[in-house]
Amino acid sequence: MLKKWPITVALGLLCIVILAGAIVALQIRNKQSASSTFPKMESVDTLHVYDIRNDSAEAKLAALTLQGLINQSSAEVYVLTREKNLDQLWLDQSGKSYSPVSLVTGSNPGLRTMYRDYQSLIDKFIVWEGSKDWTFNIALMKGALEAGLPVTDGIRNSLISEFGSQTVEDIRSNWNGRVDAYEWAVEHLMPSLDKRILFSAGLRLPDWVGYPWNIFDYAVASKSFTFYLDPRNPDEYEVMKHIIQEGGYPPGTAVLGYAPNADDLNEYTNPLGVGYVVSDFFSNGSVWSSFENKTYTQPAGAAVDAEPGKVYVSITASDGDNLQYAQQLIDYFQDPAMGDVPVGITIAPVLRELGSPILDYLYAEKGDNIELVAGPSGYQFIYPNHYSIHGYETWLNENKKWLTDAGVHTANVWRIPLNSVYHKQMVDSLAGSGVTGILRGDDVQPINAYHGIYTMSQGNMLTRDGDIYSILSSVSEDREHPVFYNLYPILAFYGVDDTGKAVFFERLKDEVARLQQDFPGKYVFLKPQDIVATIDKLNTDIEGVSFEADNSSAETLYLYEDNHSAMDGGYRYADGDASWIYKFDLADDIEQATLTLDLGGDYEVDVSKDGTNWSAAARANGNINRTTLDNDLVDWLTNNPSKTIYVRFKSENSQSENGMILYYNSLKILY
């Protein structure tokens, strides 16, 4: 640990060694950064731990930015700032050696002790004003570049009174307002700042005066542009856009922190190619980023035999994709009831770089009945239907890498219209990634089987004890088909009791037990990846299938492609250039089968072994009335080792408005 007094005495003797060490450290950081998406701090053998929980809000902010300044060269300072002793719990789990620092007595002991020990690193104080929130952000960025410590007037006076004089730069009256300040920062600070990530973080009221955000240490350590703007204000949105464009941030760039308009920051940054990593209260980011990058695996989903008359349920708990909630998962994982009911828990795959010890713990402790699921919308939170059309492919490629390396099999996605170009591009991008299912957080739609990856509704967001029982008890079974249902409890609400105690697994166990008692044999609970595998099994080694073309899951789990088909009178139809394709994976010993179709209109039906090369099966023109056709599939099953059959439907005349309509489809196996 650097102490004020020995550094002063030994500076002349150690300057050459320090310079050489700085050169080596710089080379290591550059090498590490070259293979990382996020700025990585240099790791140390032993952390020095300062407890700032009893400091005032203004002192905490100064301590967090001081932590960032110290950790720019090596991530040696770790602070205790979170509730429930979370920072200490994670420190103990990290495996890192650490030394708690004895604090001075009196007010703001954490900041005063840290400043005492690292005063020599600070060239000046930069004074900001809480009523002018932009001055804090400018002070933070200037300080990151100029070894300046952002302080309020009161903190400045206190530190100078105790530790002696310090150069002071007072910026409280430098700008006319928020827009003026950030435009100045773009011109004068942006050129020297790191361009890999951005931060949306600042003095949110009423938080900061009682419990300020924790992300600031990483913003300072990484020397990143840090704004706090409300894009719903047109002038502030123009400044935000100027920041992103002037910085030249490429598609796939992340903005960390949070925004005045919460999740909907996506509506403004996504069109500019910038995604979201929610992390306002994420603590010690500058330290967690210093751990090595990791890759992870999970076993593939395991299918069960789905039976008619049963309801198959998966439950995915959120918001572990939010970095501070990922830190809170350690509380939930202490529950003895964890693992009694299969469940998915959302995580942030970016923790592979921003906190691998956190993922180490979650993967090691989850057991066989917990699946770690990528939170919305993969490695970043985006709204795909708002994302830059020029940057979406780049984002998808990066997303695939992150999900593959995180060992994820199921991912949550929001704001992705089913069968839209955004949805289809995402599904196609995930081929070979290990992802088999997407939980879609938009309108409720039946199962979608586009190109073999199953997209399902994520289900109701649950916030209260009893919600699981209330919703599932009203779900009706189907005597002809299995029913699949998903639920999405929010841990911050459903998962805690009135005292803030983590009770998710306990509540879940109690509700499931009540359901099984009141409705014996009706429900089967599975992990999300297992419910996906179970659905896929229904379309594997088929020995016969029949369904109405009514847009129910009984039909759509075979719907391999849907190119703008629609529903008319409750049945699927296509006119103009619209079409759709079913995929049937028959049992390997099948040699003969008959495809029976109940259809009408101007129809064109083609069959293929591979989904690419098509042969005509049926044609009709003249607005044919409803009729039934039998098609022998023996020619398509011959020399077809996979026994996979694709059936395509479209209008026989793309210029006709009559189109075709399918009422019923039956594929019968002949032995």
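Modeller: Positions that come from UniProt are given here in the numbering used for this chain, and such annotations may be inferred rather than shown by experiment. With that caution, the UniProt record lists residues 212-290, in an unreviewed entry, as "domain: GxGYxYP putative glycoside hydrolase third N-terminal". The model itself is predicted, and over residues 212-290 the chain is 35% helix and 18% strand, with its end C-alpha atoms 23 Å apart. Another unreviewed UniProt entry gives residues 47-104 as "domain: GxGYxYP putative glycoside hydrolase first N-terminal"; over residues 47-104 the chain is 41% helix and 22% strand, and the end C-alpha atoms are 19 Å apart.

A separate division of the chain gives domain 1 (47-289), domain 2 (311-538) and domain 3 (540-669), and the C-alpha centres of domain 1 and domain 3 lie 59 Å apart. The second largest pocket, to which your request leads, draws at least three lining residues from each of domain 2 and domain 3.

Rolling a probe the size of a water molecule over the atoms shows where empty space is left. In the second largest pocket this space comes to about 670 Å³. The lining of the second largest pocket holds 32 residues, and those that lie nearest the centre are Ile447, Pro482, Phe484, Ser553 and Ala554. Sorted by class, the lining consists of 17 nonpolar, ten polar and five charged residues. Four elements each give at least two residues to the lining, namely the strands β16 (454-457) and β18 (483-489) and the helices α20 (528-538) and α21 (553-556). Of these, β18 supplies the largest share, with four residues.

In the loop between β18 and α19 (504-518) sits leucine 491, which counts as buried because its relative accessibility is 5%, the cut-off for buried being under 20%. Leucine 491 is 118 residues from valine 373 in sequence, and their C-alpha atoms are 14 Å apart in space. In the loop between β15 (437-440) and β16 lies histidine 451, whose relative accessibility of 26% makes it partly exposed. Most residues other than glycine have a negative phi, and most peptide bonds are trans. Histidine 451, however, has a positive phi near 50 degrees.

A positive phi is also found at lysine 643, where the angle is near 55 degrees. Lysine 643 belongs to the loop between α22 (634-637) and β29 (644-651) and is buried, with a relative accessible area of 7%.

Serine 318 and aspartate 319 are joined by a cis peptide bond with omega near 25 degrees, and aspartate 319 has its place in the loop between β11 (311-317) and α13. Helix α13 (residues 323-332) is largely enclosed by the rest of the structure, because nine of its ten residues are buried; among them are Leu323, Gln324, Asp331 and Tyr332.

Lastly, serine 429 lies in helix α17 (residues 421-429), where it counts as buried at 13% relative accessibility, and its side chain reaches the backbone oxygen of methionine 426 at 2.7 Å. An α-helix has 3.6 residues a turn, so residues three or four places apart point the same way.

Methods
Residues numbered from 1 in each chain as written. Predicted model: local features only at pLDDT ≥ 70, side-chain atom pairs only at ≥ 80, totals over all residues. Heavy atoms only, no water. 1 Å grid on protein atoms, 1.4 Å probe; cavity = no way out; pocket = protein on both sides within 12 Å on 5 of 7 lines; lining within 4 Å. Points joined across faces, edges and corners; volume = space filled by probe spheres on them. Nonpolar A, V, L, I, M, F, W, Y, C, P; charged D, E, K, R; others polar. Domains from an automatic or database assignment. Buried < 20%, exposed > 50% of the residue type's maximum accessible area, 1.4 Å probe, protein only. Polar contact = N/O pair within 3.5 Å; in protein donor to acceptor, adjacent residues only side chain to side chain.
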